[in-house]
Amino acid sequence: MDRPDRDDPIPGTTGARVDTSVPNVARMYDYYLGGAANFAVDREAAERALAVTPEIGRFARMNREFLGRVVRYLCERGIDQFLDLGSGVPTVGNVHEIAHQHDPRARIAYVDHESVAVAHARALLVDEPDVSVTQADIRRPAEVLAAPGVAGLLDLSRPVAVLAVAILHFVPDSDEPDRILRTYCDACPPGSFVALSHASMTTMTKSEAHRGQDVYRSTPTPLVVRSRDEIAALLDGCELVEPGLAPINHWPSDTGESPANGYGAVGELR
Ligand SMILES: C[S@@+](CC[C@H](N)C(=O)[O-])C[C@H]1O[C@@H](n2cnc3c(N)ncnc32)[C@H](O)[C@@H]1O
């Protein structure tokens with residue numbers, strides 16, 4: 001995608017502007033997954049990240065597959081409402097496509113703050129009455145939960161799945177990711193679920209992780225790599241379904257392949 005004009009407003013968004021001189025994590029992730037919703041600055045940053053931390057590309061692909069397995073699992077558990085936080089640029093295996101294979105009336109509220117991701121999602125979803133796209137910062141749960149695309153679509157008196165997939169590693173400790181996630185979960189009734197994935201180190205060395213993080217420091221949302229224990233703490237109070245917190249490519253079962261550098265889990269809210 002070529003957009004020579006810096007700071008152009010993007011049609012289909014709330015008027016937020018896109019700075020094409022600064023790499024963005026939504027568009028870098030799109031590049032890792034083979035998408036076209038990225039600019040030269042994103043591709044350059046993504047290539048720099050891949051050069052120092054090749055595992056990042058593998059994490060992206062495995063994370064997307066984890067998301068698909070999780071949504072299918074939740075559908076089988078009877079969930080027909082999804083709040084997808086940091087939903088990203090639409091790509092293969094979007095949450096609404098998977099959910100609608102199980103239940104064509106499933107409702108999906110996508111939330112992302114990135115203008116290109118939001119514009120692409122809105123363009124794709126123009127004919128989908130049970131799917132909304134809200135441009136918002138997930139660090140403000142009260143605003144997100146009150147937004148028309150969320151409050152007007154999801155019935156929070158019935159079970160919901162809160163998806164926090166590959167998003168909380170863009171939320172620094174100072175913003176209290178645990179409190180943010182808990183606020184969303186507390187808004188959902190018993191019988192709801194939360195699903196999380198998060199970058200970590202399994203096979204990657206600290207120095208590889210630091211070199212990758214250096215690249216992400218040039219984006220507006222630097223990457224926070226947390227330990228397994230720190231990620232587990234984000235899910236405190238949730239009853240994790242089997243197998244608990246596992247490398248994303250070993251959820252729900254160990255494939256025998258080398259673990260991805262990120263953990264994932266699904267928790268039930270009681
Ligand atoms: C790596 S992508 C994950 C996309 C999708 N959840 C998945 O797992 O395939 C992370 C997304 O989170 C979004 N994001 C990061 N920080 C955010 C924030 N504070 N509020 C809303 N979206 C955010 C980015 O714009 C990006 O689209």
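A disulfide is here a pair of cysteine sulfur atoms within 2.5 Å. The structure shown is a predicted model, in which local features need pLDDT of at least 70 and side-chain atom pairs count only at pLDDT 80 or more, while totals for chains, interfaces and linings use all residues. Residues are numbered from 1 along each chain as its sequence is written, and side-chain values use heavy atoms, with hydrogens and water left out.

Keep cysteine 238 selected and display the surface. This residue is buried, with a relative accessible area of 19%; buried means under 20% relative accessible area, exposed over 50%, and partly exposed in between (1.4 Å probe, protein chains only). A search of the whole structure finds 0 disulfides. Select cysteine 75 next: it is in no disulfide, and the nearest cysteine sulfur, in cysteine 188, is 16 Å away. Cysteine 75 is also buried, at a relative accessible area of 12%.

Now select asparagine 63, which is placed in helix 3 (residues 55-76). Helices (H or I, at least four residues) and strands (E, at least two) are DSSP runs, numbered from the N terminus. Asparagine 63 is buried, with a relative accessible area of 2%. Show the side chain of tyrosine 29 as well: a polar contact of 3.0 Å joins it to the side chain of asparagine 63. A polar contact is a pair of N or O atoms within 3.5 Å; within protein, one must be able to donate a hydrogen and the other to accept it, and residues adjacent in sequence count only if both atoms are side-chain atoms. Leaving aside residues up to four places away in sequence, asparagine 63 touches Tyr29, Val165, Ala166, Ser197 and Ile248, where contact means heavy atoms within 4.5 Å.

Turn to strand 4 (residues 107-112), where 5 of 6 residues are buried. Strand 3 (residues 81-85) runs parallel to strand 4, joined by 5 bridges; two strands pair if DSSP finds at least two bridges between them. Select glutamine 81 to find arginine 107 of strand 4 opposite. From strand 3 the chain passes through helix 4 (residues 95-102) to strand 4 in a right-handed β-α-β crossover: with the strands pointing away from the viewer, the path from the first strand over the helix to the second runs clockwise.

Finally, select valine 111, whose bridge partner in strand 5 is threonine 134.
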